[in-house]
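Me: I'd like to learn how to read pockets and domain interfaces in a model. Could you walk me through one?

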Amino acid sequence: MCGIMGYIGNGNAVPVIIDGLSKLEYRGYDSAGIAIYKPSQEKKQQPLLVDQKGEPETSGSAIIEYEDAYIEIIKKKGRLTEMIEVLGEFPTTSLAIGHTRWATHGVPSDANAHPHTDCSGRIALVHNGIIENYAGLRKQLILEGHDFVSETDTEVMVHLIEKYYNGSLEEAVRKALTYVHGSFAIVVICADEPDKIIAAKKASPMIVGLGEGETFLASDIPAIIGKTKRVYIIEDDEFVVIKSDSVVITDFEGNPIAKEIFEVTWDVEAAEKGGYEHFMLKEIHEQPTALRETLRGNIKNNMIDLSDLGIDDIFTDVEKIYIVACGTAYHAGLVGRTVLEKLARISVETDIASEFRYRDILWNPHSVMMVISQSGETADTLAVLREAKRNGIKVLAVTNVVGSSVAREADRVIYTHAGPEIAVASTKAYSTQLLVMYLLGLHLARVRGTCSPQELAELAEEITHIDELVEQVLTEEDKIKKLAEKYQGVQDTFFLGRGLDYAVAMEGALKLKEISYIHAEAYAAGELKHGPLALIDEGVPVLALITQDNLVEKTMSNIKEVKARGAVVVAICKENLQEACQECDEQILLPNVNPILAPMVSVVPLQIFSYYMAIFRGADVDKPRNLAKSVTVE
Ligand code: M6R
């Protein structure tokens with residue numbers, strides 16, 4: 001969602017802001033803007049005295065006039081490049097803030113783009129989040145004479161600051177904050193106080209980067225990683241005053257907060273495309289490496305052993321695990337349910353965070369809440385985490401982002417170690433989340449004695465080589481690309497599977513629709529004839545996942561049903577099941593793997609297929625329309 005960038009220091013702020021915003025593009029946005037501090041300037045003078053030829057006389061003196069310092073706002077609907085075009089040659093300044101907006105209140109437009117200013121144009125603000133009580137505030141401020149020029153919730157914030165501005169930006173922002181409800185990361189500058197940037201955070205991410213004689217503010221680390229690796233992660237209800245050489249962090253009332261510097265361990269290359277045309281393709285290919293990272297340190301004596309992660313105590317008397325997440329992470333949680341129930345024999349309920357948070361849950365006091373989130377900032381997932389804690393339930397977070405809100409607020413954390421995932425479509429985050437499900441399942445199975453040592457050792461052995469199997473599937477890229485080329489013109493697709501194959505089908509359908517904009521439905525193969533079979537028509541592609549040895553015959557019966565109605569069936573099946581899948585029109589073969597581990601390999605062709613479908617249809621693969629990488633609003 002919205003990306004924020006701020007800079008103050010002895011370098012030129014404008015290129016830093018533009019670079020930072022470009023690194024935040026992955027978050028999803030529909031307009032971009034920048035507020036540039038323009039220092040006081042000497043006005044151009046007419047020479048007081050001229051000689052007869054009109055040349056200035058050397059004698060005589062001019063009264064030098066200065067133009068007031070001011071803030072220039074450039075903002076534009078559309079891509080960052082369109083805003084840069086309007087900006088033209090980069091001006092030089094020590095202070096600027098920038099924003100990429102993902103519309104919530106008000107359509108994407110130049111007027112609704114951030115930064116927003118007060119009536120005088122001397123205070124500028126950017127915001128990520130939602131001011132929930134904006135309507136009442138706006139009405140009141142209009143009655144008091146403030147002029148509003150946008151439809152956004154954000155604009156009330158800058159007018160409120162104007163209302164309370166009395167020579168101290170810091171005091172005005174503090175006062176304004178006492179009137180707003182909702183989620184926000186705000187960054188504010190004032191033409192009359194060019195030595196500082198003020199920022200505040202509640203439920204929307206923000207970090208401060210520490211340079212030499214320069215300080216940065218951003219929504220996420222990739223925006224500043226090329227400039228510094230020393231950051232402060234700003235927590236909810238924190239208020240920040242940054243100058244070029246200092247950072248003061250307090251609560252909203254002004255009580256000081258001591259904070260440790262967080263050293264970022266990954267580098268610029270990890271957040272760049274590294275020769276691939278898109279981040280998504282790069283991240284698909286990074287999966288074997290990411291899986292090795294996730295696995296690292298978790299095998300002891302040929303067994304999966306997570307005891308070093310310090311999570312065992314929350315599982316001692318566990319009767320139930322809730323797994324809650326959104327989107328792709330939810331799909332990983334669906335696999336997690338089967339894996340944990342089968343291996344560790346614990347009852348598991350997996351739900352979507354935006355649904356779970358409004359259910360009247362009958363909490364089992366002997367339960368653990370597991371939230372899964374790549375970004376660790378997803379608003380609904382965070383809300384569930386907090387609700388579980390309020391009910392005395394211990395929370396285990398599975399996340400990719402060290403220091404994210406989910407990681408900080410959970411009782412225990414397992415990091416997925418996928419490295420930065422930039423493409424909106426999640427790929428390596430999903431496969432590493434799956435791997436964590438297996439590691440946890442096998443660890444708990446060992447601790448609880450629910451699987452035989454032989455079974456545990458066999459699965460641990462297969463997991464140790466799962467990266468190689470994924471590598472093997474990646475070699476099928478060309479074949480899958482050709483399939484995508486063939487089917488690029490379709491309107492509708494179906495993804496079928498049973499058991500774990502159904503969970504992967506859901507992920508495959510999500511991937512296809514989010515980046516190629518093709519309608520894709522995932523269905524439990526056995527459920528098809530209860531309604532959706534009516535949609536199967538001549539030439540509709542059906543991608544069938546066939547990896548569960550005990551369910552092959554059942555799934556094949558369903559495939560016959562769709563074929564009888566004209567569907568073209570692409571089977572994604574394990575080599576040992578190839579024979580059984582002969583009747584399918586196309587086959588993508590997967591290496592033989594224990595059925596329970598099959599999702600780790602079967603998802604890969606679906607990711608590649610979606611990628612190339614989007615490419616052939618000319619879609620913006622890394623930044624699909626209407627979507628954001630980190631969904632920080634409800
Ligand atoms: O950061 P999170 O894992 O919490 O994000 C959850 C979903 O928004 C995310 O997985 C989304 O569905 C992806 N775009 C799917 O590719």
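Reply: Happy to. Keep in mind that this is a predicted model.

Me: What is the volume of the second largest pocket, and which residues lie nearest its centre?

Reply: Its volume is about 540 Å³. There are 24 lining residues, and those nearest the centre are Gly327, Thr328, Ala628, Lys629 and Val631.

Me: Which helices and strands supply the lining of the second largest pocket?

Reply: At least two lining residues come from each of α8 (327–344), β21 (367–373) and α16 (500–516).

Me: And how do I place that pocket relative to the domains?

Reply: Start from the domain bounds. The protein is divided into domain 1 (3–41 + 64–272), domain 2 (276–464) and domain 3 (475–627). Domain 2 and domain 3 each give at least three residues to the lining of the second largest pocket.

Me: How should I describe the interface between those two domains?

Reply: The general idea first: an interface's size is often given as the accessible area lost when the parts come together. In this model, domain 2 and domain 3 bury about 2500 Å² between them, and 70% of that is on carbon and sulfur atoms. Contacts give another view: 32 residues of domain 2 touch 28 residues of domain 3, counting heavy atoms within 4.5 Å.

Me: How far apart are the C-alpha centres of domain 2 and domain 3, and how many salt bridges are counted between them?

Reply: The centres lie 25 Å apart. The salt-bridge count between domain 2 and domain 3 is zero.

Me: Now the largest pocket, please. What is its volume, and which residues are closest to its centre?

Reply: The largest pocket has a volume of about 800 Å³. It is lined by 42 residues, with Trp266, Asn400, Val401, Gly419 and Pro420 the closest to its centre.

Me: Which element gives the most to the lining of the largest pocket?

Reply: That is α7, with three residues. Both β16 (262–263) and α7 (287–295) supply at least two residues each.

Conventions: Residues numbered from 1 in each chain as written. Predicted model: local features only at pLDDT ≥ 70, side-chain atom pairs only at ≥ 80, totals over all residues. Heavy atoms only, no water. 1 Å grid on protein atoms, 1.4 Å probe; cavity = no way out; pocket = protein on both sides within 12 Å on 5 of 7 lines; lining within 4 Å. Points joined across faces, edges and corners; volume = space filled by probe spheres on them. Helix = DSSP H or I, 4+ residues; strand = E, 2+ residues; numbered from the N terminus. Domains from an automatic or database assignment. Buried area = accessible area lost by both parts, 1.4 Å probe. Salt bridge = Lys/Arg side-chain N within 4 Å of Asp/Glu carboxyl O.
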